[in-house]
Amino acid sequence: MTKQTQHYHPLNIVLHWLMALLIPALFGVGLWMTGLDYYSSWYKTAPDLHKSFGILLGLLLLSRFVAIRLFGKPAAIGAGWQQKAATLAHALMYTLLLAIMVSGYLISTADNRGIMVFGWFEVPGFGEFFPDQADIAGTIHLYLAWTLIALVGLHAAAALKHHFVDKDNTLTRMLGRRNAAASSFDKTEI
């Protein structure tokens with residue numbers, strides 16, 4: 001059970017927005033690089049960067065789990081069904097991210113080579129665990145990524161609905177503001 005707080009800790013906010021940038025970027029690059037031909041100058045570079053940023057995303061996700069455990073998170077705002085839906089959506093996004101990372105690892109290491117991360121360190125590879133691992137994991141990786149992007153879009157739409165329709169502080173809490181009134185300019189802070 002995590003601690004219940006009224007606001008997100010600044011570390012949780014930073015981790016959220018870094019992941020919010022990386023997830024669609026990795027998705028877009030992943031789609032783009034599958035169309036590259038062997039003679040493209042990006043043929044090797046794009047997958048290497050995709051893998052490195054994927055490992056970075058994994059580290060951010062693990063850091064997020066630790067930060068939530070240490071600092072807690074505020075309860076979802078809205079009716080009971082909205083709170084349950086938000087909890088389910090977050091759990092599903094985390095599960096999809098983990099499954100995408102595992103399938104990406106299985107694609108990348110099926111040939112027994114490790115994954116070099118920005119030239120800093122290597123995640124070891126252990127070869128094929130099952131026949132046609134790279135192809136099967138690649139198909140799973142693609143479908144899970146599309147599912148995640150759809151869920152991320154729904155997540156963003158729900159946050160905007162809370163902000164513009166419900167006029168509550170769901171979004172402002174993730175922007176680091178303590179409440180809706182904090183979003184107005186206060187001359188006394190100068």
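**Figure 1. Asp168, a buried residue without a salt bridge.** In this predicted model, Asp168 is buried and takes part in no salt bridge. The nearest side chain of opposite charge belongs to Lys161, 6.6 Å away.

**Figure 2. The salt bridge of Asp166 and Lys161.** Lys161, the nearest side chain of opposite charge to Asp168, forms a salt bridge with Asp166. The closest N and O atoms of Asp166 and Lys161 are 2.7 Å apart. Both partners are partly exposed: the relative accessible area is 33% for Asp166 and 30% for Lys161. Side chains of opposite charge can pair when their charged atoms come close.

**Figure 3. The salt bridges of Asp48 with Lys44 and of Arg113 with Asp111.** How many salt bridges does a search of the whole structure find? The search finds 3, including the two shown here. Between Asp48 and Lys44, the closest N and O atoms are 2.9 Å apart. Asp48 is partly exposed, with a relative accessible area of 30%, whereas Lys44 counts as exposed at 55%. Between Arg113 and Asp111, the closest N and O atoms are 2.5 Å apart. Arg113 is exposed, with a relative accessible area of 56%, and Asp111 counts as partly exposed at 41%.

**Figure 4. The largest nonpolar core.** This core has 20 residues. Which residues have the most contacts inside it? They are Met19, Ile23, Leu57, Leu97 and Leu148. Two or more residues each come from helix H1 (10-33), helix H2 (45-71), helix H3 (80-109) and H4. H1 gives the most to this core, with 6 residues. In soluble globular proteins, nonpolar side chains tend to be buried together.

**Figure 5. Ile23 and its contacts, with a separate core.** Ile23 touches Leu57, Leu97, Leu148, Ile149 and Val152, not counting residues up to four places away in sequence.

**Figure 6. Residues 180-190, a stretch with pLDDT under 50.** Over residues 180-190 the pLDDT stays under 50. For this stretch the model has 5 contacts beyond four places in sequence. For the protein, the mean pLDDT is 90, and 91% of residues reach 70 or more.

**Figure 7. Setting of the close-up views in the protein.** The secondary structure comes to 5 helices and 4 strands, and along the sequence the pattern reads β-α-α-β-α-β-β-α-α. Taken along the principal axes, the C-alpha atoms fill a box of roughly 60 × 40 × 30 Å. Of the 190 residues, 32% count as buried. Among contacts with a separation of 6 or more, 71% are between residues 24 or more positions apart.

Methods
Residues numbered from 1 in each chain as written. Predicted model: local features only at pLDDT ≥ 70, side-chain atom pairs only at ≥ 80, totals over all residues. Heavy atoms only, no water. Buried < 20%, exposed > 50% of the residue type's maximum accessible area, 1.4 Å probe, protein only. Lys, Arg positive; Asp, Glu negative; His and termini not counted. Salt bridge = Lys/Arg side-chain N within 4 Å of Asp/Glu carboxyl O. pLDDT = per-residue confidence, 0-100. Contact = heavy atoms within 4.5 Å. Core = buried A, V, L, I, M, F, W, Y, C linked by side-chain atoms within 4.5 Å.
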